[in-house]
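Work through the exercises below with the model open. Each task is followed by a solution in steps.

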There are 2 protein chains.
Amino acid sequence: MVVDQLTPDQADRVFHALADRTRRDIVRRVLGGEASVSALGRQYPMSLTAVQKHVAVLELAGLVTKTRRGREQIVRADLDPVRRATALLDQFEALWRARMDRMGDLLAEPEQGATK
Amino acid sequence: MVVDQLTPDQADRVFHALADRTRRDIVRRVLGGEASVSALGRQYPMSLTAVQKHVAVLELAGLVTKTRRGREQIVRADLDPVRRATALLDQFEALWRARMDRMGDLLAEPEQGATK
DNA sequence: CTGATCTACAACCATCTGGTTGTTGATTAC
DNA sequence: GTAATCAACAACCAGATGGTTGTAGATCAG
């Protein structure tokens, strides 16, 4: 398996980070190409400090990394946690299908006599 | 397209709902088979009221539905919002690949003369 | 050197979150 | 009928969240 699971704590942070419109938009933006914190700040109708905090939340979730370049702080996206979150959701899908299979088995069983 | 997008508000609710261990566990549990609220309540080291609230959050996100059966309230999972969330994450993946393609184009270009 | 830019950080605030206890109302079991 | 079970709801609480303003440290441009 290429992408392994998120720990529960990581999942908490990743999903929480994605549970905010502004943060999802920041992720989209830096996925399309890196950006400085101040450049991001200019894109949203809120203070730069607020955007800094959003970036910090994304950073804590591992969705984004910051590296200094001169006086600017460059924000880049990391897709790994996104892939792991997707894997977690796919696991839900698998649970669902497992249940469907079990129900199919039941329906396929001879009506009266129990299987054992 | 079979699964269309989540609205930003729905995405807020779905990701927020998934940003809690107990709630993710409840989703897993009811994906494996429906359960009453009180049965769920017995599974976690917290009050029934707390579990009721978690179920309510999941319900608001559309991840789960409740239906009465006698004095019990049966909780069932709905995978649709999960699939839509997955689609949103896949869209991130697509943005990433689009950038990779653009970078590839740049590298493939003749070094000096601009493209236009 | 001086001023503008980019960032960090502290303090504050209103609201939301995740939990609690206690009360009440249906429904089921005896 | 009475008691137990299941669920809803109100009220409360500590802590997190998402925002603000203000101050201050680096770095860059003139």
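**Exercise 1: the protein interface**

The contact (heavy atoms within 4.5 Å) takes 34 residues from chain B and 34 residues from chain A. The model is predicted, so to speak of a local feature requires pLDDT of at least 70 and side-chain atom pairs count only at pLDDT 80 or more, while totals for chains, interfaces and linings use all residues. Residues are numbered from 1 along each chain as its sequence is written, chains are lettered from A and ligands numbered from 1 in the order in which they are written, and side-chain values use heavy atoms, with hydrogens and water left out.

Task: describe the side of chain B that touches chain A, by area, by polar pairs and by element.

Step 1. Start with the area. Buried area is the accessible area (1.4 Å probe) that two parts lose on being put together, summed over both. For chain B and chain A the value is about 3,000 Å², with 60% of it on carbon and sulfur atoms. On the chain B side, B:Leu31, B:Leu89 and B:Phe92 lose the most area to chain A, together 19% of what that side buries.

Step 2. Turn to charge. A salt bridge is a side-chain nitrogen of Lys or Arg within 4 Å of a carboxyl oxygen of Asp or Glu. The rule finds 8 salt bridges across the interface of chain B and chain A. One of them joins the side chains of B:Arg21 and A:Asp9 (3.7 Å, N to O).

Step 3. Assign elements. Helices (H or I, at least four residues) and strands (E, at least two) are DSSP runs, numbered from the N terminus. In chain B, α1 (8–18), α2 (21–31) and α5 (80–108) give two or more residues to the side that touches chain A. α5(B) gives the most, with 14 residues.

**Exercise 2: DNA strand D**

Step 1. Of the 24 residues around DNA strand D, A:Ser47, A:Lys53, A:His54, B:Ser38 and B:Gln73 come nearest. Sugar and phosphate account for 64% of the atoms of DNA strand D that come within 4 Å of the protein.

**Exercise 3: DNA strand C**

Step 1. A polar side-chain atom of A:Lys66 lies 3.3 Å from a phosphate oxygen of DNA strand C.

Step 2. A:Arg71 places a polar side-chain atom 3.4 Å from a base oxygen of DNA strand C.

Step 3. β2 (64–69) and β3 (72–77) of chain A are among the elements that give two or more residues to the surface near DNA strand C. These strands pair (at least two DSSP bridges) in the antiparallel sense over 6 bridges.

Key: Near = heavy atom within 4 Å. Polar contact = N/O pair within 3.5 Å; in protein donor to acceptor, adjacent residues only side chain to side chain.
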